[in-house]
Amino acid sequence: MRRYGPAVLLALTGAAVLRISLFGDLYLRYVQPGLRPYLIVSGAVLVLLAAVTTATTARAAPGAGEDRGYERDPGPAPDDRPADDQAPDQAPDHAHTHGPAGPRVAWLLTLPALALLLFPPPALGSYSAEREAAQRAAQGVGTFPALPSGDPVDLTLAEFGSRAVYDSGRSLTGRTVRLTGFVTRGDDGVWYVTRLQVSCCAADATTGKAEIRGADAPPADTWVTVTGTWHPEGALGSDAAWPPVLDATDVRRVEQPANPYEKR
């Protein structure tokens with residue numbers, strides 16, 4: 001059975017990739033939507049390799065005696081002496097055990113693949129956001145395009161942060177905006193609505209967030225939509241302007257979106 005270990009690992013991993021990419025939106029926890037076809041192809045190739053490996057191993061299977069790992073010892077070479085004269089310790093019929101290659105513990109490698117298939121990891125949350133310092137692109141201060149008409153205007157955390165910190169035209173002034181993200185906590189009761197931003201996949205995620213004032217903090221990792229107005233802090237482009245502040249007029253709990261990340 002142990003000879004089929006590589007095939008089992010390939011099959012479990014391929015099935016896990018197909019599960020999250022072909023039969024649902026779970027892949028959006030890890031990569032951008034445009035990478036879905038590549039995941040589907042990768043999962044299919046892994047399953048195909050598992051089938052080929054299984055077939056090849058079955059055809060190359062040894063006999064039953066070899067499968068049990070026993071090899072017959074031919075005994076000492078015969079000589080010209082009569083059988084009665086041979087030493088007792090040279091009896092020609094005994095066996096030595098030569099176990100098959102690879103310890104049984106190697107099967108534990110199937111557990112991570114099985115766990116990925118049955119229990120896909122959740123999207124990154126507040127723990128990942130809090131581990132990262134406030135990293136911001138060096139955009140420089142400048143004028144941004146005008147916001148759409150009508151209030152409230154829906155903005156991503158990335159756009160709200162960029163306009164609050166770098167927009168010399170102060171396009172957020174007097175506008176009501178609506179932000180959606182998950183809750184993270186700071187010191188002294190400060191809390192933020194936060195969103196992770198990715199370029200390709202969850203491995204390159206960075207953090208965008210806005211400090212919320214005027215409303216009680218929901219539990220960490222709760223997804224919320226916050227409506228309010230921008231509260232200017234610090235000079236444009238300065239560290240004092242980050243993170244941007246929103247005076248909340250309404251905080252509503254929402255379900256986590258299918259794609260929990262923003263495009264960076």
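Predicted model: local features only at pLDDT ≥ 70, side-chain atom pairs only at ≥ 80, totals over all residues.
Is Asp-250 buried, exposed or partly exposed? Here are some friendly notes on that residue and on the salt bridges around the model.

1. Residues are numbered from 1 along each chain as its sequence is written, and side-chain values use heavy atoms, with hydrogens and water left out.

2. Asp-250 is partly exposed, at a relative accessible area of 28% (buried means under 20%, exposed over 50%, and partly exposed in between, with a 1.4 Å probe and protein chains only). Asp-250 pairs with Arg-252 in a salt bridge, with the closest N and O atoms 3.0 Å apart (a side-chain nitrogen of Lys or Arg within 4 Å of a carboxyl oxygen of Asp or Glu). Arg-252 itself is exposed, at 56% relative accessibility.

3. The structure has six salt bridges. One of them links Arg-178 and Asp-154 at 2.7 Å, N to O. Arg-178 sits in strand S4 (residues 176-185) and Asp-154 in strand S3 (residues 153-154), so this pair ties together parts 24 residues apart in sequence (strands are DSSP runs of E with at least two residues, helices runs of H or I with at least four, numbered from the N terminus).

4. Helix H6 (residues 157-166) holds both Arg-163 and Glu-159, four residues apart and separated by about one helical turn. Their side chains meet in a salt bridge of 3.2 Å, N to O. Arg-163 is buried at 5% relative accessibility, whereas Glu-159 is partly exposed at 31%.
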